[in-house]
Amino acid sequence: MAIKGFQGTSLLDYPGKISSLVFYGGCNLTCPFCHNPGLVLNPDQYPDYPLERVLGELRQRRNFIDGVVVSGGEPTLAPELEPTLREIKKLGLEIKLDTNGLLPGCLETLLADGLVDYVALDLKTAPPRYSELHNQPVNVEHLLRCIRLLLDGNVAYEFRTTCVPGLVEEEDILAIGEAVDGAGLWVLQQFVTSHAMEEKYQAIEPHSVNKLRKFVGIAEKYAENVTLRGV
């Protein structure tokens, strides 16, 4: 897996921080609602973005950015992720990692070595339903282990759920809530249809705001803070 994209400045992807974004290609899920299908299904359509070029651009920006958001695709699949983050840390920048939480060994190493300052872990549906998100079975124990690493650790994090109709309903919020019970922050997001991987998901009517607020009420039983985004 290689870096496939770089964006100079963002105010949205790292809460409270001005950041640059680095995108890795490839993923170990094929979520039908994914908003980056090109990076998942055919990352080779994008040229590799050389690490030295990324680091050079970050050096130029480090006086006016706070950190770097590392996203994808799924960045924890990249063998070069750990050394890349070490180089970014040498620049004095914070690092936010976006992950689906299915590679606990990688996450554990990054946390233990102090290579991430913030983790956003996507919880896409109830854990028992995860095989609906891929063309082969998904080891949900890996997901639960990553959840526990964040709950028991000392790195800032958010659990994040995009509320896709059919995949995230009340019973799914309850099941996710049981998995993250005691969480500091759980973010619920409105589903945006326009870039969904599967065409039928582009035609789905998103949940109403009232229903999303009902989800928030359920989630508040499990997390100290629950935020609703995208409405």
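How many bridges join β2 to strand β3, and do they run parallel or antiparallel? Keep that in mind as we look at this predicted model.

Here is the answer. Five bridges join β2 to β3, residues 67-71, and the two strands run parallel. One place to look is Ser-20, which stands opposite Val-68 in β3.

Now the other neighbour. Strand β1, residues 3-10, is also joined to β2 by five bridges. This pair runs antiparallel. Find Ile-3, and its bridge partner in β2 is Tyr-24.

So much for partners. Is β2 itself mostly covered or mostly open? Strand β2 spans residues 19-24, and six of its six residues are buried. In a regular strand, side chains alternate between the two faces of the sheet. Look for that here. Ser-19, Leu-21 and Phe-23 point one way from β2. Ser-20, Val-22 and Tyr-24 point the other way. Both sets are buried.

Next, the largest pocket. About 1,100 Å³ of space lies in it. Which elements give two or more residues to its lining? They are β1, β2, β4 (94-99), β6 (156-163) and β7 (183-190). The largest share comes from β6, with four residues.

In total, 39 residues line the largest pocket. Nearest its centre lie His-35, Asp-122, Arg-160, Thr-162 and Gln-189. What is the lining made of, by class? Count 14 nonpolar, 16 polar and nine charged residues.

Conventions: Residues numbered from 1 in each chain as written. Predicted model: local features only at pLDDT ≥ 70, side-chain atom pairs only at ≥ 80, totals over all residues. Heavy atoms only, no water. Buried < 20%, exposed > 50% of the residue type's maximum accessible area, 1.4 Å probe, protein only. Pairing = 2+ DSSP bridges. 1 Å grid on protein atoms, 1.4 Å probe; cavity = no way out; pocket = protein on both sides within 12 Å on 5 of 7 lines; lining within 4 Å. Points joined across faces, edges and corners; volume = space filled by probe spheres on them. Nonpolar A, V, L, I, M, F, W, Y, C, P; charged D, E, K, R; others polar.
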